[in-house]
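Trainee: I would like to go through this model and check each label against its definition. Where do we start?

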Amino acid sequence: MSARAPADAKTVGSLAGWARTVLWDAGIENAVQEAQWLLAQALGLRSHELATGAERPLSSAEWSRARSLIARRAAREPLQYLLGMQEFCGLDFQVTPAVLIPRLETELLVQEVIRLGTLRPGSIVVDVGTGSGCVAVTVATILPDVRIVAVDRSPAALAVARANAAKHGVADKIEWLEGDLLAPLSEKGIGRVDVIVSNPPYIAEADWAGLQPEIRLFEPRMALVSGPQGTELHERLLREAQPFLLAGGLLMMEAGQGQASVVRRIAERAGGYGPLRTVEDAAGIERILIAPRLG
Ligand code: GLN
């Protein structure tokens with residue numbers, strides 16, 4: 001891949017053609033669309049203006065901004081980090097390499113929290129490993145009277161999550177705590193809560209090397225990898241959540257393909273939860289495990 005200016009990259013239109021080819025040659029599946037999004041970003045245009053303004057000449061600053069974004073994408077940097085944004089449950093979330101890019105399947109976790117129908121003003125929902133804040137912020141916008149506590153080990157992630165809360169007008173509805181899983185709750189004296197929700201890291205260490213470069217080279221490993229099995233964090237959450245949950249309170253965790261049944265068995269062996277329920281995603285994969293704490 002050459003990121004040097006082609007001789008004819010003098011107009012928006014010729015730049016667009018060049019960008020498509022570069023991304024295509026780099027093996028980016030959605031090259032046409034991604035070139036459009038990245039150029040719109042680099043040139044400060046809406047995507048249809050790339051076509052209507054195709055004859056417009058480029059300044060050298062525009063050319064170099066566009067070239068840099070296209071070269072970074074060709075080197076497999078995720079589109080969302082380059083655009084600084086990912087949509088989640090219909091809201092735009094700011095994303096930086098300090099946070100996991102929100103995934104479509106995680107919307108299911110939010111849907112399940114919302115449809116519980118048992119949360120009342122003053123109920124407490126804790127989001128463990130909030131990352132970009134996508135779960136906490138979305139729930140806060142839908143259930144504004146519920147108290148939300150969001151925890152993350154990474155101060156850089158918490159800064160992104162706070163910015164997202166501010167962007168969506170729920171900054172004063174969420175309490176942000178830095179620390180490992182539920183440890184900061186004890187420090188703050190937060191006791192019995194209604195729901196603990198988490199999309200924990202769940203990739204097994206051995207699977208890391210096989211991941212696509214966008215994930216392996218750019219997303220935070222700490223947000224993705226849990227240990228040798230992949231289910232270590234689920235196991236810890238089952239153990240550590242129990243003292244913080246009200247009787248009947250729910251631990252709701254996302255899991256990877258094939259993990260829900262493993263986690264369910266761990267929960268059954270550990271005791272203290274029941275009856276357990278799983279929720280399938282659109283692809284028929286058991287994605288969410290819901291564990292009510294026994295009274
Ligand atoms: N809660 C965030 C999300 O679901 C971050 C999760 C994580 O970093 N493991 O996207």
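Mentor: With the record: UniProt positions are given in the numbering used here, feature names are shortened, and annotations may be inferred rather than shown by experiment. Residues are numbered from 1 along each chain as its sequence is written. The model is predicted, local features need pLDDT of at least 70, side-chain atom pairs count only at pLDDT 80 or more, and totals for chains, interfaces and linings use all residues.

Trainee: Which residues does UniProt list for "binding site"?

Mentor: The unreviewed entry lists Gly 129, Thr 130, Gly 131, Ser 132, Gly 133, Asp 152 and Asn 199. These residues are spread over 71 residues of sequence, yet they cluster in space, with a largest C-alpha distance of 11.6 Å.

Trainee: What makes Gly 131 buried rather than exposed?

Mentor: A residue is buried if 20 or more other C-beta atoms lie within 10 Å of its own, exposed if 12 or fewer, and partly exposed in between, with C-beta atoms placed from the backbone. Gly 131 has 28 other C-beta atoms within 10 Å, so Gly 131 is buried. Gly 133 has 31 within 10 Å and is therefore buried.

Trainee: Where is Gly 131 found?

Mentor: In the loop between strand E3 (124-128) and H7; Gly 133 is in the loop between E3 and H7. Helices (H or I, at least four residues) and strands (E, at least two) are DSSP runs, numbered from the N terminus.

Trainee: What does Gly 133 touch?

Mentor: Contact requires C-beta atoms, placed from the backbone, within 7 Å. Leaving out residues up to four places away in sequence, Gly 133 touches Ala 150, Val 160, Ala 161, Asn 164 and Ala 165. On that basis the contacts of Gly 131 include Val 99, Leu 100 and Asp 152.

Trainee: Why is a set of residues called a nonpolar core?

Mentor: The name applies because the set consists of buried Ala, Val, Leu, Ile, Met, Phe, Trp, Tyr and Cys residues joined through C-beta atoms within 7 Å. The largest such core has 60 residues, and Val 126, Ala 136, Ile 196, Leu 251 and Met 252 touch the most other members. Helix H7 (residues 134-142) gives the most to this core, with six residues. A second, separate core of 19 residues includes Ala 16, Ile 28, Ala 42 and Leu 58.

Trainee: Which residues does Leu 251 touch?

Mentor: Among them are Ile 196, Leu 237 and Ala 291, not counting residues up to four places away in sequence. In soluble globular proteins, nonpolar side chains tend to be buried together.

Key:
Contact = placed C-beta atoms within 7 Å.
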